[in-house]
Amino acid sequence: MISPVSAQDLFIKQAQIIQPDQAQVSQPQDVVIREGKIVAIGKNLQAMRRKSDRQIDARGQFLIPGLIDTHVHLDGVPGYVGKRPEDAGMLQEARLQMPRSYAYFGFTTVLDLTGDPSFIAQWNAQPAGPQAYFCAPVTIPNGYPASWMDKDLQFQVEGTKYMLFDPAQPTVYPANFKPEAHTPQAVVAAAKRDGASCIKVFYETGFGAKKNLPVPSQELIQAVVAHAKKLQLPVYLHGNSQAAYEFALKTGVTTLVHGMWHETKQVDADLNQQRLQAMAQELAAAGISIQPTIQVLYGEQEAMNPDFFKNPQVTHAIPQQLAGWYQSDAGQWMNKLLAEELVGATISPAERYQAFKKMYAKPLNTVRQMTQQLQKNGAKLLFGSDTPSGPFYTQFPGVNGRWEMDRWLETGISLPQLLRAMTIENARALGREKLLGSVEKGKQADLLLLQQNPLNSVTAYDSITQVILRGKAHDRASLSAH
Ligand SMILES: [Zn+2]
């Protein structure tokens with residue numbers, strides 16, 4: 001799995017080290033890196049320095065572990081659909097830049113929640129980008145996300161190998177579909193064999209034009225969870241509604257991969273608030289972790305922001321040619337669709353943005369409140385950005401994770417907690433805390449050097465100077481799309 005692509009021997013001189021679990025800054029220390037691993041950390045290791053080592057003078061700087069995002073989707077270029085030959089060069093440039101954009105914003109490890117093994121192997125062979133792990137998507141026919149495909153195609157794509165035989169829909173399968181190869185036990189075993197780090201399941205009744213989709217039964221997902229536990233695979237559940245949260249409690253999944261922004265409708269609002277508070281306690285007690293993914297909603301809202309491309313952070317993430325296309329008629333397809341559907345086509349861009357802000361205020365408020373409730377009750381929050389959650393260029397690799405940090409802080413989460421969540425806690429979620437998540441001897445050298453202290457301000461993450469990926473140091477500027 002680990003590909004120490006062109007590892008380099010490094011000598012980092014006099015860095016102030018921050019261990020996420022301790023949230024303190026060390027005295028200046030030297031760090032020796034050989035073949036992609038940290039081999040020594042100490043006060044004065046000059047004697048260990050070899051002539052061939054690249055020396056990085058880190059005096060006055062802060063050294064932290066690389067950041068881990070446990071909710072991304074690596075396939076495709078955000079917001080692009082179709083295959084126009086004249087776009088081939090632009091897309092090629094975008095695909096080369098996307099791993100670099102993750103790295104530019106400090107992400108050295110990512111978890112693709114709907115990955116497949118061959119794509120992930122290709123991704124990990126790229127020279128500069130985060131190392132990827134993947135979850136196997138365990139779906140049911142005509143449900144989310146299989147329903148986004150053609151009725152027949154859903155049984156043909158690569159991901160179908162983890163599709164369940166759903167006893168509630170016994171007649172929808174094609175003749176060559178072998179139910180015995182699609183039991184909970186069989187799909188979980190297949191995922192494990194393929195090198196998946198986790199199982200992803202879905203509880204989604206739909207949105208937009210696709211509503212009232214079938215969802216898997218409690219029994220079916222309980223069986224998936226039971227088999228996954230035996231093989232030490234965590235189970236991630238897609239769900240952003242109160243019903244999905246109840247489903248998580250009943251099935252005992254490991255992690256809910258979205259914040260909760262759809263409350264149950266047509267119930268007494270006060271009683272519902274009581275239920276939400278109780279639910280936060282129950283999730284904490286059950287040890288179910290939650291990814292707030294507030295940037296999902298925020299990013300949809302910001303798609304209507306007429307000044308989006310003026311943000312300098314955007315220019316570091318999105319290649320210029322692609323940014324130009326996004327602003328063209330063709331690239332605005334999703335915005336037009338949404339705007340026409342939701343607010344009408346006739347109003348000006350500025351009015352449209354205001355209308356969207358108004359529309360998103362309620363679900364944003366709900367997800368922020370629920371995140372605070374979870375936090376207050378001691379539930380574990382996991383850092384995942386859901387990059388991209390849909391065809392939105394506003395959720396572009398790297399920068400979207402940076403913005404999710406802002407969303408966390410807006411709910412009152414502290415900087416030390418944010419750093420822990422993005423490093424050691426996500427390493428634990430991946431089951432790779434022996435390898436990742438802190439600055440320790442023996443660990444993989446995925447590290448960041450920052451000019452500012454990330455325990456003092458979130459803008460410290462904008463002051464990264466070096467991104468060290470499996471022992472190879474990259475000047476941050478060299479990873480920019482600009
Ligand atoms: Zn997602």
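The secondary structure of the chain comprises 13 helices and 15 strands. Both are DSSP runs numbered from the N terminus, with helices (H or I) of at least four residues and strands (E) of at least two. The model is predicted: local features need pLDDT of at least 70, side-chain atom pairs count only at pLDDT 80 or more, and totals for chains, interfaces and linings use all residues. Residues are numbered from 1 along each chain as its sequence is written.

The radius of gyration, taken over C-alpha atoms, is 23 Å. This agrees with the value near 23 Å for a compact globule of 482 residues, the rule being 2.2 Å times the number of residues to the power 0.38. Along the principal axes, the C-alpha atoms fill a box of roughly 70 × 55 × 50 Å. Of the 482 residues, 45% are buried (20 or more other C-beta atoms within 10 Å of the residue's own, with C-beta atoms placed from the backbone). Contacts require such C-beta atoms to lie within 7 Å. Among contacts with a separation of 6 or more, 72% join residues 24 or more positions apart.

Helix 11 covers residues 349-376. Its 28 residues should span 40 Å, at 1.5 Å times one less than the number of residues. The end C-alpha atoms are 39 Å apart, in agreement. The helix bends by about 40° at Ala 361, the angle between axes fitted to the seven residues ending there and the seven starting there. Pro 363 follows within four residues and is one of the buried residues of helix 11. Others include Tyr 353, Phe 356, Val 367 and Leu 374. Their cover includes helix 6 (269-286), strand 12 (289-290), helix 7 (295-302) and helix 10 (333-342). Gly 378 follows helix 11, with a positive phi near 80°.

Terms used: A residue is buried if 20 or more other C-beta atoms lie within 10 Å of its own, exposed if 12 or fewer, and partly exposed in between; C-beta atoms are placed from the backbone. Two residues are in contact if their C-beta atoms, placed from the backbone, lie within 7 Å.
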